[in-house]
Amino acid sequence: MFSAETDLWAVAAKQYLYKLKSHSGFALGFVATQIIALFSGGIGGFSSSGSNVMVTVTRYTSAVPFIYTSIWIFVLALTLTGRSDEKKDFSLVANRTSNHLANIGVLLSAWLYGGVGTTLLMGLQRWYLYFSSEQGEVIANGFYLTGRSLALALAAILLYLLLLTAASYLIGVLIRISYLFTVLLPAVLFAWARLNGNALQRIGTFFLREPSLSLFALKVLTAALVLFGFSVLISSRLEVNG
Amino acid sequence: MIVVEAKKLGKNYGRVKGGVQAIRGLSFIMEENKIIGLIGRNGAGKTTLLKMIAGYLRPTGGMLRVFEREPFNDLTVSAKTLFVDDSMTFPLSFTLADILREAARFFPGFDAKLAEALAEYFSLNLKKSHHHLSKGTKSTFNAIIGIASHCPLTLFDEPTSGMDSSVRKDFYRALLKDYIQHPRTIILSSHLLSEVEELLEDILLIHAGAECLHLPVADLKEYAIGLRGPARNVGELAQGREILHREEFGQGNIYLVVKKNFSPERLEEARTRGVETVPIATDDLCNYLTGSKGGIDDVFRRN
């Protein structure tokens, strides 16, 4: 009578919807960060003036919305893995694995939402720049997006964001295991960069300087899988403390 | 059918050296479809034990089985168990109505109509957010979830903390009525036995993480007897028995509480020699069993 197994995926799906609903505020938060990104202006430039001519150049980059999105998803990952959320998650039905599956589900939803949103914003940013400045003032290669370049941008943004999402989740889980990691992680990273900067650079090059999209996708997917898997593994024996 | 079984169960917090031993060598069996009282003083280990049964905490020694499984981190145990305490929290963005809806999704036996009726009776506004409730109202709402979920194993950890006395009485009555309609295993922890004893079938009394007593409430009422009278006569009657409690009065009178296993003739004879017999309230008995032998009087005697 007692032995009927509970379906892990069914519980994880219920938890996923529960978490999606309880973190719905993050969807609005994303819109807010992107509006700030849109109007936050260029990332620098210069002015020069001669006797009759004055030139002001402002540089804009799509990296700004992407950085905002990364911070947004990092905060979401830390919230999902935090202690205050944990007590809420385990109030009803849950175990570590179902909780991780639901968390990863929410993060992947946010990832897709944030990735697509950021890409669309790139278009919006161009549109805004185009109409807010007089014609002919915008100088850039690839300012006018083609369908192909937009698709490529979407793929690149999604892949970079996936890597960041998985890394954020691991950081969140480590901090959940011990608050010491809030100090330890930056310290280790800093020390590593000082002592063996080359290795760190090689890791960066491995991901960032990959010219083939399919190979880049393969690297990112594998890394994300490893990061998520490792997060699940190291926290499987963690107790629920509220 | 056995729902909870513990053998030499132990739980240490922190490192072994200098850590706290919250539960030590606890062994018991809890049967299906009973209301069991988990009684003990503050810090006796009640919450730790319940959290281990709920699968939140991992035992550090001995064996614990819930529904014939190791409960720690077990999804099947979690699906059949609900742990209700006053620190039960829900997402900030959820209203009480949202929480009831969610509970219904997670627990197949959840009785939404009952939950709403109880919420209305206790004047809870379902549009309110859970974290805006006062302590007592929060306890009331959590208790409603505990009752309406009809979980095969429901654990209530001090469920009435913060509730006023009329809400407490109503809660116990609601729990009992619902239990009769939907029998299940309920463990109710409390430090006030008198408040819950009408409800309970068995009690497990724990002290300093170890078992003191585990027996039906009816037996507990007959467990001990108070003897009051001249010190010599009372002492003679109680000779060779474990004294659970001792109080001294003026003029050589004494009051002792001992286990009740006297023959009626023996008691009758004692009465003729001026020894009065007094029934012991279960609450007092639990205090005697878990307190220091001399009681608070001891402190004043020493100073």
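How many bridges join strand E3 (residues 35–39) of chain B to strand E7 (residues 185–190) of chain B, and in which direction do the two strands run? In this predicted model, E3(B) and E7(B) run parallel and are joined by 5 bridges. Within this pairing, Gly37(B) stands opposite Leu188(B) in E7(B). Strands of a sheet pair through backbone hydrogen bonds, either parallel or antiparallel.

Both strands belong to an open sheet of 6 strands in chain B, with mixed pairing and the order E5-E6-E7-E3-E8-E9. The edges are formed by E5 and strand E9 (210–216) of chain B; each has a single partner strand, so one side of each is left without a neighbour in the sheet. From one strand to the next, the twist averages 15°. Two helices that pack on this sheet may be described in turn. H1(B) touches E3, E5, strand E6 (153–157), E7 and strand E8 (202–207) of chain B, and its direction makes about 155° with that of E6(B). Helix H6 (residues 165–181) of chain B likewise packs on the sheet, where it touches E3, E6 and E7 of chain B; the direction of H6(B) makes about 160° with that of E7(B).

Chain B also contains an open sheet of 3 strands, in the order E2-E1-E4 and with antiparallel pairing. Strand E1 (residues 2–13) of chain B and E4(B) run antiparallel and are joined by 5 bridges; the bridge partner of Glu5(B) in E4(B) is Arg65(B).

A search of the whole structure finds 13 aromatic pairs over all chains. In one of these, the ring centres of Tyr18(A) and Phe94(B) are 5.3 Å apart and the planes stand at 90°, so the pair is edge-to-face. Tyr18(A) lies in helix H1 (residues 8–22) of chain A, whereas Phe94(B) lies in the loop between strand E5 (81–84) and helix H3 (96–106) of chain B; the pair therefore joins two chains. Tyr18(A) counts as buried at 3% relative accessibility, as does Phe94(B) at 1%. A further edge-to-face pair is formed by Tyr56(B) and Phe83(B), because their ring centres lie 5.6 Å apart and their planes are at 75°. This pair links distant parts of the chain, 27 residues apart: Tyr56(B) is in the loop between helix H1 (46–53) and strand E4 (61–66) of chain B, and Phe83(B) is in strand E5 of chain B. Both Tyr56(B) and Phe83(B) are buried.

Ring pairs also link Tyr18(A), Phe94(B) and Phe106(B) into a cluster. Over the face of Phe94(B) lies Lys21(A), at 5.2 Å from the ring centre. Within chain B, Arg228(B) lies over the face of Tyr255(B), at 5.4 Å from the ring centre.

In chain A, helix H7 (residues 181–195) and helix H8 (residues 197–208) pack with their axes 5 Å apart and at an angle of about 105°. H7(A) and H8(A) are therefore roughly perpendicular to each other. Leu189(A), Trp192(A), Ala193(A) and Leu195(A) of H7(A) make the contact with Gly197(A), Ala199(A), Leu200(A) and Ile203(A) of H8(A).

Key:
Residues are numbered from 1 along each chain as its sequence is written. Chains are lettered from A and ligands numbered from 1 in the order in which they are written. This is a predicted model: local features need pLDDT of at least 70, side-chain atom pairs count only at pLDDT 80 or more; totals for chains, interfaces and linings use all residues. Side-chain values use heavy atoms; hydrogens and water are left out. Rings of Phe, Tyr and Trp (its six-membered ring) pair if their centres lie within 6.5 Å; planes under 30 degrees apart count as stacked, over 60 as edge-to-face and the rest as tilted. Helices (H or I, at least four residues) and strands (E, at least two) are DSSP runs, numbered from the N terminus. Buried means under 20% relative accessible area, exposed over 50%, partly exposed in between (1.4 Å probe, protein chains only). A charge sits over a ring if NZ of Lys or CZ of Arg is within 6 Å of the ring centre and within 35 degrees of the ring normal. Two strands pair if DSSP finds at least two bridges between them. Axes are lines fitted to C-alpha atoms, for helices over the stretch in contact, and angles run from 0 to 180 degrees between N-to-C directions. Contact means heavy atoms within 4.5 Å. Angles under 35 degrees count as roughly parallel, over 145 as roughly antiparallel, 65 to 115 as roughly perpendicular and the rest as oblique.
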